[in-house]
Amino acid sequence: MPAGVSAPNALEFLSFTLGQEEYGIDIQKVQELRGYDTVTRIANAPEHIKGVVNLRGIIVPIIDMRIKFNLGTPTYDQFTVVIILNLASRVMGMVVDSVSDVITLTPEQIKPAPEMGAVLGTDYLIGLGTLDERMLILVDIDKLMTSAEMGLIEQTVATL
C-alpha cells in the first residue's frame with residue numbers, strides 16, 4: 001500500500017522506543033511531542049513519577065516509562081522525548097527514549113499478545129503489530145495510565 005494511503009479500518013500508532021523494544025500507542029491519544037525539560041519534583045511521589053510541568057497553564061504529571069518498566073538507569077539527552085497524552089480529559093506526559101514515526105496498521109497486521117509474564121501485563125496490550133521486519137508492542141495507553149498502579153497520579157496531582 002503506498003505511503004499516505006490508509007486502508008479502511010486501518011489504525012495509526014505513534015511508535016517509540018524504551019530500551020531495546022519498540023512500542024506503539026494510538027496516535028489519537030497524542031497531543032504533542034516535546035523535548036525533556038526540567039520537572040518540578042513532588043515529595044513522596046513514586047520514583048517513576050518524575051514530577052510535574054506547567055504546560056500553557058495546565059499542570060501535567062510526567063511519568064518516566066523507563067523507570068516504570070525497570071529498564072535500567074534512564075539518561076536524558078537530546079533524543080529523550082516526552083509524549084504529551086490526552087486521556088479521558090486528563091493531560092499527562094510520558095518519557096520515552098525516542099520517537100520513531102507514525103505507523104498505519106490494518107487489523108490483519110495486529111496479532112494477539114502472548115502470555116509471557118512480562119514487565120508489562122497483557123491487560124495493557126492491544127497486541128503485536130507487524131510491519132515488514134518490525135514488530136511493535138501495541139499498548140492500550142488509556143488502560144495503562146488509568147490502572148491502579150498508575151492511580152497514584154490522581155493522588156499526586158490532587159495534592160497540588
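The model is predicted, so local features need pLDDT of at least 70 and side-chain atom pairs count only at pLDDT 80 or more, while totals for chains, interfaces and linings use all residues. Residues are numbered from 1 along each chain as its sequence is written, and side-chain values use heavy atoms, with hydrogens and water left out.

**The whole chain**

Start with the cartoon. The protein chain has 3 helices and 11 strands; helices (H or I, at least four residues) and strands (E, at least two) are DSSP runs, numbered from the N terminus. From that terminus, the order of elements is β-β-β-β-β-α-β-β-β-β-β-β-α-α.

Switch to a surface. The accessible surface of the protein chain is about 8,800 Å², and 51% of it belongs to carbon and sulfur atoms; areas come from the Shrake-Rupley method with a 1.4 Å probe, and for residues only the protein chains shown count as cover. Of the 160 residues in the protein chain, 41% are buried. Here buried means under 20% relative accessible area, exposed over 50%, and partly exposed in between (1.4 Å probe, protein chains only). Among contacts (heavy atoms within 4.5 Å) with a separation of 6 or more, 55% are between residues 24 or more positions apart.

**The six-stranded sheet**

Select E8, E1, E2, E11, E10 and E9. These 6 strands form an open sheet in the order E8-E1-E2-E11-E10-E9, with mixed pairing. Strands E8 (98–105) and E9 (110–111) are the edges, each pairing on one side only. Two strands count as paired if DSSP finds at least two bridges between them.

Next, select residues 125–131 and 134–139. These are strands E10 and E11, which run antiparallel and are joined by 6 bridges. Thr-130 stands opposite Met-135 in E11.

**Salt bridges**

Show the side chains of Lys, Arg, Asp and Glu. A salt bridge is a side-chain nitrogen of Lys or Arg within 4 Å of a carboxyl oxygen of Asp or Glu. By this rule there are 8 salt bridges.

Select Glu-22 and Arg-134. Their closest N and O atoms are 2.5 Å apart, in a salt bridge. Because Glu-22 is in strand E2 (residues 21–26) and Arg-134 in strand E11, the pair ties together parts 112 residues apart in sequence. Glu-22 is buried at a relative accessible area of 16%, whereas Arg-134 is partly exposed at 28%.

The side chains of Arg-134 and Asp-101 meet in a salt bridge of 3.3 Å, N to O. Arg-134 lies in strand E11 and Asp-101 in strand E8, so this pair ties together parts 33 residues apart in sequence. Asp-101 is partly exposed, with a relative accessible area of 31%.

Now select Glu-32, Arg-34, Asp-37 and Arg-56. Salt bridges that share partners join these residues into one network.

Then move to Lys-29 and Asp-142, whose side chains form a salt bridge (2.7 Å, N to O). The pair links distant parts of the chain, 113 residues apart: Lys-29 is in the loop between E2 and strand E3 (30–35), and Asp-142 is in helix H2 (residues 141–145). Lys-29 is partly exposed at 24% relative accessibility, and Asp-142 is partly exposed at 21%.

**Strand E5 and its partners**

Select residues 58–64. This is strand E5, which is mostly covered, with 5 of its 7 residues buried. Leu-55 has Ile-58 in E5 as its bridge partner. The two strands form a hairpin with 2 residues between them, and Arg-56 in the turn has a positive phi of about 50°.

E5 and E7 pair in the parallel sense over 3 bridges. The bridge partner of Asp-64 in E7 is Val-95.

**Thr-80**

Finish at Thr-80, in the loop between helix H1 (65–68) and strand E6 (81–87). Thr-80 counts as buried, at 3% relative accessibility. Display polar contacts, meaning pairs of N or O atoms within 3.5 Å; within protein, one must be able to donate a hydrogen and the other to accept it, and residues adjacent in sequence count only if both atoms are side-chain atoms. The side chain of Thr-80 reaches the backbone oxygen of Thr-75 at 3.3 Å. A polar atom of the Thr-80 side chain also lies 2.9 Å from the backbone nitrogen of Asp-77.

Leaving aside residues up to four places away in sequence, Thr-80 touches Arg-34, Gly-35, Tyr-36, Arg-66, Thr-75, Val-95, Val-96 and Asp-97.
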